[in-house]
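Please keep the sequence and the structure at hand while reading.

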Amino acid sequence: MSTNCCIGITLGDCAGIGPEIVQAALESKALPVSAQYRVIGKYPECEPGKPSPETARAAAAALEEAATLALRGELAAVVTGPVHKARMYEIGFKFPGQTEFFAERCGVKNFAMLLTGGDMTVALVTAHISLKEVPGTLKQSEIVRVGLLLRDFLRCLSRRSSAEADRSGEPVRIAVAGLNPHAGESGKIGREEIEIIAPAVAELNNQPSTINYQPAVFSGPHPPDTLFHNLIAERWDAALCMYHDQGLIPLKLHAFHGGVNVTLGLPFPRTSPDHGTAFEIAGKGLARPDSMIAAINLAVELAQKPKIAPR
């Protein structure tokens, strides 16, 4: 990768830990020297741990600038610092999260949220909606849509161990989680697995094969209470989860300090650390930069990978 690969980094809400973890990451010597790093945005003077409308507005303005620069091709990827959603809503930010912001600014409707860290990668069919809305929102077409985005991510960026990566031609393996306990227990405690999820798995496995890309195998629906143990044991490469906490609770348990949030489907890579603003520890020297370092490294890696051709 040439040295003109520029990664844009926003600080998020500057009253949180964003400024210190970005500084620590840039000074860590743990980032690729082949890329350039540019902090995006103008931020007000503030006291750590004391957010204000000004710090939220600065975070929103930095997102706008980063999106504009990336769409112009001036940034190869964007890494976003953590924002506080309630504070953002107070100043008129109309999106459920930064994921939805970038999708709207890029004019993209086919997008999804993915989290990766340690030996675990999960993509979410539904994300920032209440739990009671999930069953009614879950559709076969949505499971297929997000499953294909996850498949393309795995094809673009191998997350396997080196031993597995040596087995050329092996398919990417994706486990699809059930929605209900015990994956519905054959319909006795829920029929979503029978009526929605299993048909989606079959449709995903019936996608036209291509010569240029390694095949993909989807399996499931699997009981969520055992899926993640087998995922860490490398039975699968990733999991397709039905709702936000189904994927994020095990991922944060497994890789709390090193998790990375990725927005799938954008015309450029966008990553972020998988944690919040942590106002309570801001400025106290307690914040760890591990997740920010991982987010920047993954952004660089994605920026240098060839894109998967449109389906």
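Predicted model: local features only at pLDDT ≥ 70, side-chain atom pairs only at ≥ 80, totals over all residues.

The side chain of Lys 252 meets that of Asp 274 in a salt bridge, with an N to O distance of 3.9 Å. This pair links distant parts of the chain, since Lys 252 belongs to helix H10 (residues 244-255) whereas Asp 274 sits in the loop between strand E10 (270-273) and helix H11 (290-303), 22 residues apart.

Is Asp 274 buried or exposed? Asp 274 has a relative accessibility of 7% and therefore counts as buried.

Arg 173 forms a salt bridge with Asp 237, and the closest N and O atoms of the two are 2.9 Å apart. Here too the pair links distant parts of the chain: Arg 173 lies in strand E6 (residues 172-177), while Asp 237 lies in the loop between helix H9 (224-232) and strand E8 (238-241), 64 residues apart. Arg 173 and Asp 237 are both buried.

## Other salt bridges

Lys 50 pairs with Glu 47 in a salt bridge whose closest N and O atoms are 3.6 Å apart. Glu 47 has a relative accessible area of 46% and is therefore partly exposed.

A search of the whole structure finds eleven salt bridges. Among the residues involved, Glu 64, Glu 104 and Arg 105 are joined into one network by salt bridges that share partners.

Key: Residues numbered from 1 in each chain as written. Heavy atoms only, no water. Salt bridge = Lys/Arg side-chain N within 4 Å of Asp/Glu carboxyl O. Buried < 20%, exposed > 50% of the residue type's maximum accessible area, 1.4 Å probe, protein only. Helix = DSSP H or I, 4+ residues; strand = E, 2+ residues; numbered from the N terminus.
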